[in-house]
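Visitor: Could you take me closely through the nonpolar core of this protein, and through whatever is built around that core?

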Amino acid sequence: MVLAIIGIMAGLLAGNAGAFIETAKEEPPNRILRKAVLDATYLASQEKELVYLRYDDTNGTLLIEDSTGSQLSLHRILEIPDEDDFEAKEREFSLIFEADVPLTGIDGDEGDWEEDQIYLRRVAFHPSGVSTPFIARLRTGLGENKEKTFRFDPFSGYPRRALGEER
């Protein structure tokens with residue numbers, strides 16, 4: 001009787017372990033974005049040339065390419081089963097890169113920048129370890145349509161904390 005109970009419990013745990021493993025494989029988009037930025041910083045240094053990071057919204061991937069457009073690395077954010085389903089995914093998720101523009105005036109006010117002036121189709125990473133100063137706007141429409149803004153340090157590739165933000 002005790003062996004039967006242990007066998008049943010082991011079966012339940014093994015079934016749940018499979019679900020835990022599958023869930024662990026799915027990384028949050030912000031973590032994948034951070035990995036891609038660090039990867040681009042590293043690849044620029046390793047390849048000793050400019051590399052570019054861009055988001056390909058047709059297949060939900062972050063691509064790292066050299067100056068000729070050859071793919072060096074790929075980070076998949078979305079699993080898109082078929083093209084019909086992508087329109088629904090597009091409403092749920094978007095990623096936009098913007099230039100981190102300088103502030104103006106004595107008080108450090110936001111400048112009068114037009115949206116087309118700050119939009120970046122791709123972010124450049126230099127072999128010296130410096131990137132274009134940029135901000136990534138990550139919107140996930142799951143639930144309450146949340147948008148997260150990440151301001152990346154151009155020297156390290158790590159996201160910077162806003163002033164007053166706690167750890």
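Guide: Of the 167 residues in the protein chain, 30% count as buried, where buried stands for under 20% relative accessible area, exposed for over 50% and partly exposed for anything in between, with a 1.4 Å probe and protein chains only. This is a predicted model, in which local features need pLDDT of at least 70 and side-chain atom pairs count only at pLDDT 80 or more, while totals for chains, interfaces and linings use all residues. Residues are numbered from 1 along each chain as its sequence is written, and side-chain values use heavy atoms, with hydrogens and water left out.

The secondary structure comes to four helices and nine strands, taken as DSSP runs (H or I of at least four residues for helices, E of at least two for strands) and numbered from the N terminus. Along the sequence these elements follow the pattern α-α-β-β-β-α-β-α-β-β-β-β-β.

A nonpolar core here is a set of buried Ala, Val, Leu, Ile, Met, Phe, Trp, Tyr and Cys residues joined through side-chain atoms within 4.5 Å. The largest such core has 28 residues, of which Leu33, Leu53, Leu62, Leu95, Phe97 and Phe125 touch the most other members. At least two residues each are supplied by helix H2 (29-47) and by strands S1 (51-56), S2 (61-66), S4 (93-99), S6 (123-125), S7 (134-140) and S8 (146-152). The largest share, seven residues, comes from H2. In soluble globular proteins, nonpolar side chains tend to be buried together.

S2 pairs in the antiparallel sense with strand S3 (residues 71-76) over five bridges, and threonine 61 has arginine 76 in S3 as its bridge partner. These two strands form a hairpin with four residues between them, and in the turn glycine 69 has a positive phi of about 95 degrees.

S7 and S8 are likewise antiparallel, over seven bridges, with threonine 140 bridged to lysine 146 in S8. S8 in turn pairs in the antiparallel sense with strand S9 (residues 159-160) over two bridges, where phenylalanine 152 stands opposite proline 159. The hairpin of S8 and S9 has six residues between the strands, and glycine 157 takes a positive phi near 85 degrees there.

Key:
Pairing = 2+ DSSP bridges.
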